[in-house]
Amino acid sequence: MPLIVIITSYGKGRRTEQDGDALSGAMAKFRNTKQKAAVLAAVRRAPHHPDARWVYEEVSREIPGISLGTVYRALASLTAEGLIREYPQADGPALYDANLEDHSHLRCRRCGRIVDVPTVELPAEALEAIRRASGFARVDQVFLEFGGICDACAQPAGSPGAAPGEPEHNG
Ligand SMILES: [Zn+2]
Ligand SMILES: [Zn+2]
């Protein structure tokens, strides 16, 4: 029987009925639809992948006095419902993503900016090689993150505000 390989760089947007049942308890704990809608709108208009504190500061302008804990609960509830995605970070707070399409991330290692890039699928042989090397029974998920240097960070030092153009040196 062939190994069934589900390759996803960042999960699928849809959840099953069973997931919904399991999460309904957590969702029931957050009923303030106005706060939740404001949190969702903030994540959707973020020009990047925001963390909870960014969302909190953004929503605070609309709803003064909202607490950081409330924002966390709203983010958890929205994540459970599949309206946004949580993007855990090894070295910092989780980020949130309103892009529900299958996609990967490219991170600038100088400024930490993260942009969405199309998914690249790994061949089944690559997963099989990883499975063999690890001794796992099954390897069927891939979370890809690319690294690089963004345009802004690649500008030569000492040219603040310089219009994008030809670099002084090639290569
Ligand atoms: Zn950068
Ligand atoms: Zn994203």
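Trainee: What should I know before reading the model?

Mentor: Residues are numbered from 1 along each chain as its sequence is written, and chains are lettered from A and ligands numbered from 1 in the order in which they are written. The model is predicted, and local features need pLDDT of at least 70, side-chain atom pairs count only at pLDDT 80 or more, and totals for chains, interfaces and linings use all residues.

Trainee: How many helices and strands does the chain have?

Mentor: Helices (H or I, at least four residues) and strands (E, at least two) are DSSP runs, numbered from the N terminus. Here there are six helices and five strands. Their order along the sequence is α-α-α-α-β-β-β-β-α-β-α.

Trainee: How do I read a pair of packed helices?

Mentor: Two packed helices are described by the angle between their axes and the distance between the axes. Axes are lines fitted to C-alpha atoms, for helices over the stretch in contact, and angles run from 0 to 180 degrees between N-to-C directions. Take helix α3 (residues 52-62) and helix α4 (residues 68-80): their axes come within 9 Å and cross at roughly 115 degrees.

Trainee: What does that angle make α3 and α4 to each other?

Mentor: Angles under 35 degrees count as roughly parallel, over 145 as roughly antiparallel, 65 to 115 as roughly perpendicular and the rest as oblique. α3 and α4 are therefore roughly perpendicular.

Trainee: Which residues make the contact?

Mentor: Two residues are in contact if their C-beta atoms, placed from the backbone, lie within 7 Å. α3 brings A52, V55, Y56 and V59, and α4 brings L68, V71, Y72 and L75.

Trainee: Where does L75 reach beyond its sequence neighbours?

Mentor: Setting aside neighbours within four places in sequence, L75 is in contact with V39, A52, V55 and Y96.

Trainee: Is S67 buried or exposed?

Mentor: A residue is buried if 20 or more other C-beta atoms lie within 10 Å of its own, exposed if 12 or fewer, and partly exposed in between; C-beta atoms are placed from the backbone. S67 sits in the loop between α3 and α4. It counts as exposed because it has 11 C-beta neighbours inside 10 Å. S67 and Y56 are 11 residues apart in sequence, and 7.6 Å apart from C-alpha to C-alpha.

Trainee: What share of the chain is buried?

Mentor: Of its 171 residues, 16% count as buried.
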